[in-house]
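Please look over the sequence and the fold before reading on.

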Amino acid sequence: MIDLHDWKQPLAHLFADERYQKIRQFLKQEYANYTVYPDMYDIFNCFLYTPFENVKVVLLGQDPYHNVGQAHGLCFSVQDGIEPPPSLLNMFKELKSDLGFDPPKSGNLTKWAKEGVLLMNTALTVRAHQANSHANCGWSWFTDSVISLLSEQKEHLVFLLWGGNARKKVPLIDRRKHLILECAHPSPLSAYNGFFGCRHFSKTNEYLISHGKTPVDWNLTE
């Protein structure tokens, strides 16, 4: 098992669960017989780049990008040198509208992860060119457990739930302790139905500051 630093203890009971063992067996077969994204060593990058102690914001995606070279274990993020997908470009448009930051040349969101934004997909793997192909392998149980764990053990987090899939996670989050910001998905199919103009980037920082936390530096061009 890869060293997950200070996530090791919070997630220990999940990794010991027979349901996780079934996920592992499934993934062994998938990686052996198909092209699967992200690389097996990048599956848990969202935890590696954002230590448990540092989590301030949780941004949920659905499942990894399924085309060559895109996914690297952080939701919405693509590796350097890869053209940002439409949803990510719309996120950059909203960032510009909300906070005035110019769109970056790269779609790599690792900086956000290091700022305390947990960039977690609800399914952590996908078969190449087959969206949602691993949605039913057990990942939902695992990531739902992570959301519940964060809700229970942390205080004053911001949960960014964009689109129907993410918004289904509301019951897992204690509204008395955390801020939940919901809107449409940034996909071109839905961005004009409430994502554009949501101002979630500035609202996140206003909440964090009001609770004595350092705001997220959302600027990716520096």
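## The sheet, strand by strand

Strands β2 and β5 pair in the parallel sense, over three bridges. Leucine 59 of this pairing stands opposite leucine 160 in β5. The model is a predicted one. On its other pairing, β2 (residues 57-61) runs parallel to β3 (residues 117-121) over five bridges. Valine 57 has valine 117 of β3 as its bridge partner. Leucine 60 stands opposite methionine 120 in β3.

These strands belong to an open sheet of four, in the order β3-β2-β5-β6, with parallel pairing. The edges are β3 and β6 (179-183), each of which pairs on one side only. On average, neighbouring strands of the sheet are turned by 20° against each other, direction ignored. Strands of a sheet pair through backbone hydrogen bonds, in either a parallel or an antiparallel way.

## Two covered strands

How many of the five residues of β2 are buried? Five of the five are, and the strand is mostly covered. Both faces of β2 are involved. Val57, Leu59 and Gly61 are buried on one side. Val58 and Leu60 are buried on the other.

Strand β3 is also mostly covered, with five of its five residues buried. Here too both faces are covered. One side holds Val117, Leu119 and Asn121, and the other holds Leu118 and Met120. β3 is an edge strand of the sheet, yet its residues on both sides are buried.

Turn next to the helices.

Two packed helices are described by the angle between their axes and the distance between the axes. The crossing of α1 past α6 is right-handed.

Which residues of α1 and α6 meet? From α1 come Pro10, Leu11, His13, Leu14 and Phe15. From α6 come Trp141, Phe142, Ser145, Val146 and Leu149. The residues of this contact divide into eight nonpolar, two polar and no charged.

Most residues other than glycine have a negative phi, and most peptide bonds are trans. A few places in this model depart from that. Proline 38 sits in the loop between β1 (36-37) and α3 (45-49).

Histidine 129 is not a glycine, but its phi is positive, about 65°. Histidine 129 lies in the loop between β4 (126-127) and α6. Is histidine 129 buried or exposed? Histidine 129 is exposed, because its relative accessible area is 52% and the cut-off for exposed is over 50%.

Arginine 199 also has a positive phi, near 60°, and is a residue other than glycine. Its place is the loop between β6 and α8 (200-210). Arginine 199 has a relative accessible area of 36% and is therefore partly exposed.

## A buried histidine

Histidine 200 is part of helix α8. Its relative accessible area is 3%, so histidine 200 is buried. The cut-off for buried is under 20%.

What does histidine 200 contact, leaving aside its neighbours within four places in sequence? Its contacts are Asp98, Leu160, Trp162, Leu181, Glu182 and Cys183. One of these, leucine 160 in β5, is also the residue that leucine 59 stands opposite.

Methods:
Residues numbered from 1 in each chain as written. Predicted model: local features only at pLDDT ≥ 70, side-chain atom pairs only at ≥ 80, totals over all residues. Heavy atoms only, no water. Left-handed = near helix turned anticlockwise from the far one by under 90°. Contact = heavy atoms within 4.5 Å. Nonpolar A, V, L, I, M, F, W, Y, C, P; charged D, E, K, R; others polar. Buried < 20%, exposed > 50% of the residue type's maximum accessible area, 1.4 Å probe, protein only. Pairing = 2+ DSSP bridges. Axes fitted to C-alpha atoms, helices over the stretch in contact; angles between N-to-C directions.
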